[in-house]
Amino acid sequence: MPLFYERRQLVTPGDLIAEGDYVAGENTYRDDDKIYASRVGLVDYEARKVHVVALKAFYIPSVGDTVIGKVVEVTNNGWIVDINAPYLARLGASDVMDRPFKPRIDDLPSIFDEGDLIIAKIVAYDRTRDPLLTVREPGLGKIMRGQLIEITPTKIPRVIGRDGSMISMIKRETACQITIGQNGLILISGKTPEDEGLAVMALRKIEEESHTSGLTDRVTEMIKKEKEGVEHA
Amino acid sequence: MTFSPIVARVKQKRIAELISSGKRLDGRGLTDYREIKLEVGVIERAEGSARVRLGKTEVMVGTKIEVGQPFPDIPNEGVLTVNAELVPLASPTFEPGPPDENSIELARVVDRGIRESKAIEVEKLCIEPGKKVFIVFVDIYVLNYDGNLIDASAMAALAALLNTKMFNYEVEGGEIKVKPGYAPLPMRNYPIAVTFAKINDKLVVDPWLEEEQVMETRLTITMEKDGKICAIQKGGYGYFSLEQVLEAAKIAREKTEELRKLMVKG
Amino acid sequence: MPKRKTENKRLDRSQKKPEKLIDKNDVRIDGRKLDELRPVKIEVGVLGNADGSAYIEQGKNKILAAIYGPKEVHPRHLALPDRSLLRCRYHMAPFSVEERKSPAPSRREVELSKVIREALEPSVFVEYYPRTSVDIFIEVLQADGGTRCAGLTAASLALADAGIPMRDLVVACAAGKVEGRLVLDLTDVEDKGGEVDLPLALMPNLNGITLLQMDGDLTVDEFEKVVNLALDGCRRLYALQKETLKSKYVVKEAVEE
């Protein structure tokens, strides 16, 4: 049963990847017994599953994901949040309050106002309605400081690394707090702007070279060199 | 009160299944047209007019002749202008307002058929070269929408043009002087449009409304009197294979001859 | 018999028309052979704000395509419960043609916006994103015949650039008949002075024709030849589309561990 591309080969939408008894994974689709690519990306196989690691894709909400979003509207019973997805997300006032929401007394803008950045979790999402957020868990809520960068959501797994190896290394080497949103937004908070800048550089490198191997070592190298360079300057 | 125009899913399935086995819900063969009724000269105020009933689809076309300036690059020819209106009374789905993409597409497809087949002898419509020519206005008025507006409108437009009479005239000192009597609009070709719908990978001719709602896509082929193709328009969202396109061209040859016999006689 | 647009022009700007469009050696005015494409250059990801974009130059045609979406539909009431709404605007800049074109949408632009949208939609998995819209914008900056085809070819790349899942790319090319000869990729002067213009769009892997229009005068046999010529042009342009996408994402040679 034929496979028409090798691992890591680039495919474009419509390219016939495999024919026969295979399972259509991410960014592919099945028509009869043929599996085609549906996005531009690199082919990969796992047993009988064929999928494409998309080089560019937008974020589709998934229940349980931690996301970083921007409040774009205060409504009469909550907030509308832009989470960089095709759908706007909602956060209910009742989620934030410990007691029932009283529209006469409670001033929603004083909790979150238009323009505020928040870290939240998706608690509900399906085809018929917009994603619903919560900020009830520890670590969630309004972002008070730090730098925000945006990378293509498909590269987030690379930023985290196997068992978190990549992100732990960056946090350690730059002494920054880094919060990763599954929706491609990353918050960096360090002791100095230089430390934050270093982390940003590392993340950008990962985004550009996410399809290569040996990346963790190269990023570590780069950070170390930068730090040395700064010390000698 | 009309029952909602949305076709019930059960019926949609039935229509598609029947077509797979070569039959249609209204009993027609895959390449049969509905019953066609044609009347001409229905509006005396218009220079020419016709009303076509294709099944329950009803289209009226009126022609008006005015005097105007020619196009600068073609100073010796008359001008053809085709317009279409999907009048709100024709369907619960038509809204009043300026022409939308559907009425613009309809007008332009009918226009192409007449223009590319050189149906009207426009060289004979010149009054004063570069300055004055006759302008032929063809206005398509859809009165009832029950599928396949293109074929019905194209037929009505052709019939209206064949029915069009122009006043006799003389040019005296740069002015037009009307003389008694009328002459028919000079015509030399008779374009006929045939529209196919693709349903369950089969081609059916002259889709009625419910078939249009089930179809994946449509293809209109307009042919002139010698069996040459003068216009084509694929419309709707799906796609055709090359074989289907070529098959449609062959079927169109037969159908346009059939329809032309009705028109040029009537 | 010279062809003309249906829009009324009052100022005579007709250039001196060339004597012949094709010489006795079957060479066209711009030096091309009958079945030769104009030089084509395509780039993706050229606009900063759009979710996806592409730019194409084909002969003198210069066309930009941009995609915004999938995103929430505005106005809300247009949203479809089970799929994304595709909207398309084909528009020509006032300075894109010989005689200034009014910025207001002409009837031709309305029709082309519709047929282009209908040509792209079969390729997009609209069912994946209910209640959203995908807006396609095609801006013709300079026109020289075959703009709907070049615009389509660019728009499909822009959709891929936006990361929108598709069944296949869509590629388009026109063929026709000029002075009795069957030709590929007509320029404006060839379209106006020739006998047939047939634009066609294709999903190359699925072999589906998603746009097919024609005006002119062809026997059924000639029709088959012209369609096949256009399909051939499409396949050649498809190779370029793929190249363009691939070169944007060039796999850098990494130092292996």
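Colleague: How far apart are the closest C-alpha atoms of chain A and chain B?

Modeller: This is a predicted model, so keep that in mind throughout. The closest C-alpha atoms of chains A and B lie 15 Å apart, and no contact joins the two chains.

Colleague: Which chains share the most contacts, then?

Modeller: Chains B and C do, out of two pairs of chains in contact. On that interface, 32 residues of chain B meet 33 residues of chain C.

Colleague: Which elements of chain B supply at least two residues each to the side that touches chain C?

Modeller: Helix 2, strand 12 (229-235) and helix 5 (242-265) of chain B. By class, that side of chain B has 16 nonpolar, five polar and eleven charged residues.

Colleague: And how many residues are in contact between chain C and chain A?

Modeller: Chain C puts in 29 residues and chain A puts in 27. On the chain C side, strand 3 (61-72), helix 2 (147-161) and helix 4 (220-248) each give two or more residues. That side divides into 16 nonpolar, three polar and ten charged residues.

Colleague: Let's stay with chain C. How many helices and strands does chain C have?

Modeller: Four helices and nine strands. Along the sequence the pattern runs β-β-β-β-α-β-α-β-β-α-β-β-α.

Colleague: What share of chain C is buried?

Modeller: Of its 257 residues, 50% are buried. Take the contacts in chain C between residues at least 6 apart in sequence: 70% of them join residues at least 24 apart.

Colleague: I've been looking at C:Arg236. Where does C:Arg236 lie?

Modeller: In helix 4 of chain C.

Colleague: Why does C:Arg236 count as partly exposed?

Modeller: Because C:Arg236 has 16 other C-beta atoms within 10 Å.

Colleague: How far is C:Arg236 from C:Arg167?

Modeller: Their C-alpha atoms are separated by 19 Å. Along the chain, C:Arg236 and C:Arg167 are 69 residues apart.

Colleague: Switching to chain B. How many helices and strands does chain B have?

Modeller: Five helices and twelve strands. Of the 266 residues of chain B, 43% count as buried.

Colleague: What about its overall dimensions?

Modeller: The C-alpha trace of chain B spans about 70 × 45 × 30 Å along its principal axes. The radius of gyration of chain B is 20 Å. A compact globule with 266 residues would have one near 18 Å, so chain B agrees with that.

Colleague: Back to helix 2 of chain B. How does helix 2 of chain B cross helix 3 of chain B?

Modeller: The axes of helix 2 (residues 101-116) and helix 3 (residues 149-163) of chain B come within 10 Å and cross at roughly 50 degrees. The two helices are therefore oblique to each other. Helix 2 of chain B passes helix 3 of chain B in a right-handed crossing.

Colleague: Which residues are involved in that contact?

Modeller: Helix 2 of chain B uses B:Leu106, B:Val109, B:Val110, B:Gly113 and B:Ile114. Helix 3 of chain B uses B:Leu149, B:Ile150, B:Ser153, B:Ala154 and B:Ala157. That contact has eight nonpolar, two polar and no charged residues.

Colleague: Last one, on chain A. Is A:Lys155 buried or exposed?

Modeller: A:Lys155 counts as buried, because it has 22 C-beta neighbours inside 10 Å. A:Lys155 lies in the loop between strand 14 (147-150) and helix 3 (156-160) of chain A.

Colleague: What does A:Lys155 touch, leaving out residues up to four places away in sequence?

Modeller: A:Ile206, A:Glu207 and A:Ser210.

Key. Residues numbered from 1 in each chain as written. Chains lettered and ligands numbered in written order. Predicted model: local features only at pLDDT ≥ 70, side-chain atom pairs only at ≥ 80, totals over all residues. Axes fitted to C-alpha atoms, helices over the stretch in contact; angles between N-to-C directions. Parallel < 35°, antiparallel > 145°, perpendicular 65-115°, else oblique. Left-handed = near helix turned anticlockwise from the far one by under 90°. Contact = placed C-beta atoms within 7 Å. Nonpolar A, V, L, I, M, F, W, Y, C, P; charged D, E, K, R; others polar. Rg over C-alpha atoms; globule rule 2.2 N^0.38 Å. Buried ≥ 20, exposed ≤ 12 C-beta atoms within 10 Å, placed from the backbone.
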